[in-house]
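Subject: Structure for you to look through

Dear colleague,

I am handing over the structure below, and after it I have set out what was found. Please keep the structure open beside this message while you read.

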Amino acid sequence: MNVDFKLLKLVIEHLGSVAIVDREGRYVYVNDNWVEGIGVSREKVLGKYVHDLFPNTKIDIALETGQSVVGEIFKGEHTKSILPISYAPLIEDNCIVGGIIYTIFKDTEDLWGYKQKLDKMQNQLEAYKKELKSIKNSHYTIQNIIGNSSKIENMKKLIYQASRSNSTVLIEGETGTGKELVAHSIHNLSNRNNSNFIKMNCAAIPIELFESELFGYEEGSFTGAKKGGQKGKFELANNGSIFFDEINQLSMMLQPKLLRALQEREIERVGGKNSIQVDVRIIAATNIPLETLVEKNAMRNDLFYRLNVIKIKIPPLRERLEDIPLIIQGLINKLNIELGSKITGINPKVIEIFNKYSWPGNIRELQNAIERAMNIAWIGQLEPKHFNETIFQNKLSDETIRTSEESDDLSLKSKKNIMIKETVIEALNKSNGNKSQAAKLLGISRTVLYEKLKKYNIVVK
Ligand SMILES: Nc1ncnc2c1ncn2[C@@H]1O[C@H](COP(=O)(O)OP(=O)(O)OP(=O)(O)O)[C@@H](O)[C@H]1O
Ligand SMILES: [Mg+2]
């Protein structure tokens with residue numbers, strides 16, 4: 001190799017602090033950064049033993065063993081700052097001919113800058129970890145359950161009790177009462193909260209995909225199976241919780257498969273030969289009492305008993321109307337931030353009307369009503385005219401019809417949201433609530449449709 005010596009010298013000068021020693025450990029070369037950093041002139045050190053200047057040097061070890069070693073040097077007489085140093089042997093034709101002592105940092109400021117960069121990266125990593133956790137795991141906690149009626153207080157007590165144990169929890173409640181919220185809260189209060197909360201929607205998953213979704217699969221077990229196979233939800237939930245939402249919709253055909261997994265606490269991947277032990281906490285939710293399904297022979301008795309260990313029944317909104325003002329206040333605060341609106345409160349007359357309504361869609365319906373009204377009113381107090389006819393049960397007056405000035409107040413974003421929401425509702429109405437058909441009509445996948453239902457709080461009855 002023919003490398004210009006001048007060029008090599010230039011490179012060495014650009015590195016941090018560099019010293020080259022002979023076979024015995026005597027300085028033969030030190031670069032400008034070394035001279036500047038150590039504060040000793042070149043003439044004074046050349047030919048001197050390194051250990052005479054730095055008794056703690058490790059260059060002798062490198063020269064003896066032929067191995068690189070890392071050490072540190074206290075820089076400057078009056079400072080205690082430390083720089084990391086590398087000691088490496090220089091080997092030619094299998095013989096140690098000398099050694100090199102170097103640090104990539106010119107001085108402590110340089111090292112400090114590097115450390116700060118590392119700290120910044122560490123902080124970013126922590127932030128990403130947190131974000132990932134919020135995507136993968138549950139983000140609702142018991143604090144999100146608003147209400148101080150005695151029924152809600154009792155339910156919260158049950159949630160605390162359930163979170164202490166590992167027993168299966170069955171959450172029963174009408175649509176929109178907060179079953180998912182309760183499931184998340186139990187997981188987050190339990191000692192499994194550092195592991196995954198995995199949701200399985202028993203209604204949304206096609207029968208033929210159920211097993212591979214739940215138990216995973218091995219490579220090549222079916223056409224289209226991913227290389228290397230895939231973990232199922234049970235495995236993903238290991239050490240955490242698995243939430244079977246809409247368990248009442250689980251087909252009779254699939255019930256024995258789930259039962260087996262619940263009984264044995266071990267699973268077999270599709271196309272796999274070995275059983276895999278899993279440690280998961282089971283939480284299930286239903287919007288109709290499972291007993292009625294058992295009576296109709298639509299649910300296996302044994303599965304019902306497995307699920308019905310700790311039961312948490314969520315009261316419908318009409319049984320705890322006293323919680324409405326608190327829930328509305330929470331919603332107004334949250335939605336003002338999300339939408340950018342400036343709603344200050346609600347006319348007590350509206351609350352009076354709300355107290356007479358039966359709320360079949362429960363909290364979700366209340367949320368929808370408030371959000372819609374906030375989009376219409378945008379600023380000031382929510383008035384009866386901002387709510388639609390359903391809640392007033394045909395008490396619609398001219399007052400409730402939106403004026404054109406009011407509609408001008410709507411931001412483009414909220415107008416767009418209303419349009420999307422109404423289009424989705426229209427598609428669902430056209431398909432008589434059939435989600436697959438509605439997705440087809442809209443030209444979107446079922447998954448995207450489910451995301452929209454969730455985003456716009458649309459209840460399919
Ligand atoms: N007590 C509560 N306080 C505040 N918000 C609530 C409360 N209960 C439910 N919610 C909110 O109401 C909405 C519906 O709740 P959730 O999705 O948990 O209902 P659900 O019972 O699972 O309904 P479905 O049976 O239709 O799936 C969510 O946005 C949730 O955050
Ligand atoms: Mg739900």
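Two residues are said to be in contact when heavy atoms of theirs lie within 4.5 Å of each other. Please also keep in mind from the start that this is a predicted model.

Methionine 155 sits in helix H7, which covers residues 150–164, and if we set aside the neighbours within four places in sequence, it is in contact with Ile145, Val182, Ile312, Lys313, Ile314 and Pro315. Is methionine 155 buried or exposed? Its relative accessibility is 4%, and a residue under 20% counts as buried, so methionine 155 is buried.

The protein as a whole

The protein has 461 residues, of which 42% count as buried, and its secondary structure comes to 21 helices and 16 strands. If we take the contacts with a separation of 6 or more, 64% of them are accounted for by residues 24 or more positions apart. The protein exposes about 26400 Å², and carbon and sulfur atoms supply 52% of that area.

The surroundings of ligand 1

Which residues are the closest to ligand 1? The ligand is surrounded by 15 residues, and the closest are Ile146, Thr175, Gly176, Lys179 and Arg364. Sorted by class, this shell has five nonpolar, six polar and four charged residues.

In the case of threonine 175, an N or O atom of the side chain is 2.6 Å from an oxygen atom of ligand 1, whereas for glycine 176 a polar backbone atom is 2.9 Å from an oxygen atom of ligand 1. For arginine 364, a polar side-chain atom lies 2.8 Å from an oxygen atom of ligand 1. Taken alone, ligand 1 exposes 630 Å², and the protein buries 87% of that area. The elements that give two or more residues to the shell are helix H8 (179–189) and helix H16 (362–377).

Around strand E15 and helix H15

Asparagine 347 is placed in the loop between strand E15 (342–346) and helix H15 (348–356), and it counts as buried because its relative accessibility is 13%, under the cut-off of 20%. Not counting residues up to four places away in sequence, asparagine 347 touches Gln381, Leu382, Glu383 and Pro384. With glutamate 383 there is also a polar contact, made between the two side chains at 2.7 Å.

Helix H15 itself holds isoleucine 353, which is buried as well, with a relative accessible area of 18%. Isoleucine 353 and proline 384 are 31 residues apart in sequence, and their C-alpha atoms are 8.6 Å apart in space.

Arginine 42

Arginine 42 lies in helix H3, residues 42–45, and at 27% relative accessibility it counts as partly exposed. Leaving aside the neighbours within four places in sequence, arginine 42 is in contact with Val30, Asn31, Asp32 and Val35, and with aspartate 32 it makes a side-chain to side-chain polar contact of 2.7 Å. Valine 28 is 14 residues from arginine 42 in sequence, with 9.8 Å between the two C-alpha atoms.

Two residues with a positive phi

Tryptophan 378, which is in the loop between H16 and strand E16 (379–382), has a positive phi near 65 degrees although it is a residue other than glycine. Asparagine 297, which is not a glycine either, has a positive phi of about 60 degrees, and its place is in the loop between helix H12 (290–295) and helix H13 (301–307). Which of the two terms, buried or exposed, applies to each of them? Tryptophan 378 is buried, with a relative accessible area of 11%, whereas asparagine 297 is exposed, with a relative accessible area of 61%.

Technical notes. Residues are numbered from 1 along each chain as its sequence is written. Chains are lettered from A and ligands numbered from 1 in the order in which they are written. This is a predicted model: local features need pLDDT of at least 70, side-chain atom pairs count only at pLDDT 80 or more; totals for chains, interfaces and linings use all residues. Side-chain values use heavy atoms; hydrogens and water are left out. A residue is near a molecule or strand if one of its heavy atoms lies within 4 Å of it. A polar contact is a pair of N or O atoms within 3.5 Å; within protein, one must be able to donate a hydrogen and the other to accept it, and residues adjacent in sequence count only if both atoms are side-chain atoms. Accessible areas come from the Shrake-Rupley method with a 1.4 Å probe; for residues, only the protein chains shown count as cover. Helices (H or I, at least four residues) and strands (E, at least two) are DSSP runs, numbered from the N terminus. Ala, Val, Leu, Ile, Met, Phe, Trp, Tyr, Cys and Pro count as nonpolar, Asp, Glu, Lys and Arg as charged, and the others, Gly among them, as polar. Buried means under 20% relative accessible area, exposed over 50%, partly exposed in between (1.4 Å probe, protein chains only).
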